[in-house]
Amino acid sequence: MSKPTRIVLRPELVEQAKELCHVTQSASLSELMAILISRYGRHLKDTWQVSGLCAQPSPLPGVELRGAQTAPLNLDEPIVL
């Protein structure tokens, strides 16, 4: 059996956490934390210290990206469609 762990939320987060319990149908804040960590923990870990404007996901094996822009964009000129 696992040893209980106590997590203390900042007061301003409690109401939002309770709303998330309702949305996720979690029976408790502890269950909500388990859901959040199991669903989003890996993403948070992988993207926490991302450099640049956005995260670049690892390429999927066998997937080729098409239509990628190779030349840098010139944002001073209108885009011609």
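Which residues lie nearest the centre of the largest pocket? The structure is a predicted model, in which local features need pLDDT of at least 70 and side-chain atom pairs count only at pLDDT 80 or more, while totals for chains, interfaces and linings use all residues. Residues are numbered from 1 along each chain as its sequence is written, and side-chain values use heavy atoms, with hydrogens and water left out.

Of the 14 residues that line the largest pocket, Ile7, Leu9, Ala17, Leu29 and Met33 lie nearest its centre. A pocket is here an open set of points on a 1 Å grid over the protein atoms alone, where a 1.4 Å probe fits, with protein on both sides within 12 Å along at least five of seven lines, and lining residues have an atom within 4 Å of a point. Helices α1 (11-24) and α2 (29-47) each supply at least two residues of this lining, a helix being a DSSP run of H or I with at least four residues, numbered from the N terminus.

Two salt bridges are counted, each defined as a side-chain nitrogen of Lys or Arg within 4 Å of a carboxyl oxygen of Asp or Glu. One joins the side chains of Glu12 and Arg10 at 2.7 Å, N to O; Glu12 is exposed, with a relative accessible area of 53%, where exposed means over 50% (1.4 Å probe, protein chains only), and Arg10 is exposed at 51%. In the other, the side chains of Arg42 and Asp46 meet at 3.8 Å, N to O; both residues lie in helix α2, four residues apart, about one turn of the helix, and both are exposed.

Terms used
Buried < 20%, exposed > 50% of the residue type's maximum accessible area, 1.4 Å probe, protein only.
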